[in-house]
Protein chains: 2
Amino acid sequence: MQRADETLTAWLPELLYTEGRFERGLALVCDEAGRITHLTRDYQTLAARVIRLSDRALLPGLVNAHSHSFQRVIRGRTEHRVAARDSFWTWREQMYAAALRLTPEDLYDAARMAFLEMALTGITAVGEFHYLHHAPDGTPYDDPNLLAKEVVRAARDVGLRIALLRVAYARAGFEMQPNQQQARFIEHDAQRFSKQTDELRRALMCDTTNENTTGNAKASSDERADVLLKHVWVGVAPHSIRAVPLDYLREVCAYARAAALPVHMHIAEQPAEVAACQREHGRTPIALLANEDLLDARFTAVHAVHVKPDETCALAQACAHVCACPTTERNLGDGIVPVDLFFAAGVPVALGTDSHAQIDLLEDARELEYHLRLQKLERAVLAPQPNATSGEPHTDQLSALAARLFACATINGARSIGAPSGALAVGRAADFFTVDLNDPSIAGANETDLLPAIVFALARTGVREVAVGGRLVVQDGQHQAQTQIVERFARLQRTLWQ
Amino acid sequence: MQRADETLTAWLPELLYTEGRFERGLALVCDEAGRITHLTRDYQTLAARVIRLSDRALLPGLVNAHSHSFQRVIRGRTEHRVAARDSFWTWREQMYAAALRLTPEDLYDAARMAFLEMALTGITAVGEFHYLHHAPDGTPYDDPNLLAKEVVRAARDVGLRIALLRVAYARAGFEMQPNQQQARFIEHDAQRFSKQTDELRRALMCDTTNENTTGNAKASSDERADVLLKHVWVGVAPHSIRAVPLDYLREVCAYARAAALPVHMHIAEQPAEVAACQREHGRTPIALLANEDLLDARFTAVHAVHVKPDETCALAQACAHVCACPTTERNLGDGIVPVDLFFAAGVPVALGTDSHAQIDLLEDARELEYHLRLQKLERAVLAPQPNATSGEPHTDQLSALAARLFACATINGARSIGAPSGALAVGRAADFFTVDLNDPSIAGANETDLLPAIVFALARTGVREVAVGGRLVVQDGQHQAQTQIVERFARLQRTLWQ
């Protein structure tokens, strides 16, 4: 029971999405620490401030598990021909050229712009795969974590939760010469990487603790009590098999395992990477990681496009995640993630907006399914079989596929990056977004077809309120600092490109 | 020169898209008939009412060349498994079940909802491929064109231009039994089809003439004077090779050619259709049409997914159009339109939102390119070669691909359906939409990268004003009748599905 001196807030939308279905008349009640304390129709018996959200459905905040926020500066600037045959690799040269131009303040401005747009689309937590460490010539800043802290500052100022996934990057690739364009990314050895990661964790955890002790956030005896309502935390990200020698990789993963940190790694985004791994290690990336016992429940294989059916078992057995980024993968010509194989094997799939060619995690969710439809000339590829006993509770037939895809955009992402959000359940963070039931993109939907309408058709105009830890960061489709963030970003783009 | 008694309006955005590039400080001036009279920086020398649109870019209205507006009622209701292997054909059963439920008034409500959403996304003209003719049991209504007129009324009430593409549909298919679910579509013979189409043309042209004689719409000596500012017109649409026997098809096409009407036809959407055509006629659909001399500049092949390279030549030689519908084609598992082949052969490609799984013609435009990237693992597939002399004037390298895709969403569609809009040029209709340059999805773009930002990333929040014939149908992102249209549609959905 709540203590009388504790202030509760009850959010009362028309429909609320919990445990795989929409419920009518259910209130989400949270405490001052931003934790969900009740999901109840009897909210009037609580001494709660009631906020009515008429004509709204309320859903768990989206979790963006893979972001390179600075790449927002090249949106629209790489969609042209630069070579006889363009590919991921020619795009990468353009991306590097942008990465070399950014000052620490620029990075803040670019990241804040990306995070603002995320918030406006219902994203409440982001995994930032951060590889810009040094000055453009490779010299460390006085504070070697200056750039990481700028990105964290941007997320904090917008109001998103952030997992700063600190990247280990040692080399251009197997039997490749150093590439001067990668100088900002390099940390030559695992020892230095661990030291700097320790420093970052200390610096950020201090902030986080201060932030999270407001209100009464004492752990209850509830089984979800171990969900800390952290706003900022650190994970590690050995960039790729290509960029990290095996010894270094082993040490980074051991460091992460000892500290129970999430580990994210680009895996099999391009066929050339897989081929290089075969040449260097005699195995595919996933087979190598499995053989080295580096896969576990805290591991996320980002992209995992060029993966063979038998490789999915290794991921499944380790309880590892995959993070697909379809809007980027279609933009970069990476290929189609075999999500059908991952679902069949029981591998949870998270989603990321990655390069921010677009920021629309529901578009990413529907593309998981749509790209397979184009490949197989079938429909409902990722839907449960009609006669199979579904492991997902409370999803009826009409919304079963949408519920799977929505889980990719929410709870699977939260588990991948270690966020306390991703589902509306007692004990978890009160991170949510609302949609206007009268928005023309979803108008006319009822409880049973609303989720498919949202997953397959929601336009951004429909996203109205976004809250992180029970505090609104977006109201009526606008962010409080939107004008200033956009102005600063427009100034940055003028500086960079004119 | 303008006469003193003629009222002109000058729209002055920050940037205006004309002849393949954005111009700063250019005003679009139109007369009361809704025709563009000037594109000028010297708008102050005209006795024009000036409307300033600060922080806006102004672009030609999008043209949606293929719509089945009633299918809006099944959005979100077919994204689940209904068979062991779902496909276009299992979806079609669900679509038919919905088509059988609709009264004439329902059809109006559904169409108005679809057209409202189109307007809110910047679409100003639509080609409605209309095949619901009769009562559910196949009995003609007292007015055999009642349903067509309901759809036209919906477009008129929303404010869109509409080409009512009246469908000829005779049978379930080659050597197939009649299908009772198609009873509403059937017109058994070409004679009846022509008679009813004549009646519809007379009924609608009458309305149109009244509408278009407001203001001074007299033809000038300008070479574009033959662009009539029609709001409603009729085309014909032999549904598909499957649904129309060859003699009937010949007669419909002869009728259309005599009256200079656009002809639209579903072509090669599914492999099974192509195979059936081969069985019946010994040729592929396009080869058959070419052999029968039924292809010309007024012909549009809708979908054209399963087309071989050598078939593109027949389309190119006839100056025929293709209309791709990628958001529907990915939804239905139709496959990827080989737009690279069409571009290489010089076949103009238009775009349609078709089933309205989503209504977002810029998403359709980007998918033309993106689906090919996924197929080929390349980038910039549809971009002009860097050294080739581009046939498109004023497009610099950065926006050349986006300009091609944007042409698909505008001028190519206008030519396909015979709309007077599609480009901002003197003599054409003043149909346009504006985007907010501060919208987070495109913020920071300048003249050179704004078009790629819009084509590859614009969110619906960015669309602010939409005008048809110089009259605003959308202001500040809202349509005047939006609340009523949404309420009516929500009521319809409750009736249909609860």
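Colleague: In this predicted model, at what angle do helix 11 of chain A and helix 12 of chain A pack?

Modeller: The model is predicted, and in it the axes of helix 11 of chain A and helix 12 of chain A lie 9 Å apart. Helix 11 of chain A passes helix 12 of chain A in a right-handed crossing. The angle at which helix 11 and helix 12 of chain A pack is about 130°.

Colleague: Why is helix 11 of chain A called oblique to helix 12 of chain A, rather than roughly perpendicular or roughly antiparallel?

Modeller: Helix 11 and helix 12 of chain A pack at about 130°. Roughly perpendicular covers 65 to 115 degrees and roughly antiparallel begins over 145, so the angle between helix 11 and helix 12 of chain A makes the pair oblique.

Colleague: How many residues of helix 14 of chain A are buried?

Modeller: Helix 14 of chain A, which spans residues 447–457, is mostly covered, and what covers its buried residues includes helix 11, helix 12 and strand 14 of chain A. Among the buried residues of helix 14 of chain A are A:Asp449, A:Pro452 and A:Phe456. Of the eleven residues in helix 14 of chain A, the number buried is nine.

Colleague: Is the crossing of helix 2 of chain A and helix 15 of chain A left-handed or right-handed?

Modeller: The axes of helix 2 (residues 104–120) and helix 15 (residues 482–497) of chain A come within 9 Å and cross at roughly 135°, and that makes helix 2 of chain A oblique to helix 15 of chain A. The residues of the contact between helix 2 and helix 15 of chain A divide into nine nonpolar, two polar and five charged, including A:Tyr108 in helix 2 and A:Phe489 in helix 15. The crossing of helix 2 and helix 15 of chain A is left-handed.

Colleague: Is A:Ala65 buried or exposed?

Modeller: A:Ala65 lies in strand 6 of chain A, and, with residues up to four places away in sequence not counted, A:Ala65 touches residues including A:Gly127, A:His264, A:Cys323 and A:Ile417. The C-alpha atom of A:Ala65 is separated by 8.0 Å from that of A:Ala125, 60 residues apart along the chain. The relative accessibility of A:Ala65 is 0%, so A:Ala65 counts as buried.

Colleague: Which residue of chain A is in contact with B:Gln493?

Modeller: B:Gln493 is found in helix 15 of chain B and is buried, with a relative accessible area of 3%. Leaving aside its neighbours within four places in sequence, B:Gln493 is in contact with B:Arg72, B:Val73 and B:Gln498, and, from chain A, with A:Gly444.

Colleague: Which residue of chain A has the C-alpha nearest the axis that relates chain A and chain B?

Modeller: Chain A can be laid on chain B with an RMSD of 0.0 Å by a turn of 180° and a shift of 0.0 Å along the axis, which is the relation of a two-fold axis. In chain A, the C-alpha nearest that axis, 2.6 Å from it, is that of A:Thr461.

How values were computed
Residues are numbered from 1 along each chain as its sequence is written. Chains are lettered from A and ligands numbered from 1 in the order in which they are written. This is a predicted model: local features need pLDDT of at least 70, side-chain atom pairs count only at pLDDT 80 or more; totals for chains, interfaces and linings use all residues. Side-chain values use heavy atoms; hydrogens and water are left out. Copies are superposed by least squares on the C-alpha atoms of residues with pLDDT of at least 70 in both. Axes are lines fitted to C-alpha atoms, for helices over the stretch in contact, and angles run from 0 to 180 degrees between N-to-C directions. Helices (H or I, at least four residues) and strands (E, at least two) are DSSP runs, numbered from the N terminus. Angles under 35 degrees count as roughly parallel, over 145 as roughly antiparallel, 65 to 115 as roughly perpendicular and the rest as oblique. A crossing is left-handed if the near helix is turned anticlockwise from the far one by less than a right angle, and right-handed if clockwise. Contact means heavy atoms within 4.5 Å. Ala, Val, Leu, Ile, Met, Phe, Trp, Tyr, Cys and Pro count as nonpolar, Asp, Glu, Lys and Arg as charged, and the others, Gly among them, as polar. Buried means under 20% relative accessible area, exposed over 50%, partly exposed in between (1.4 Å probe, protein chains only).
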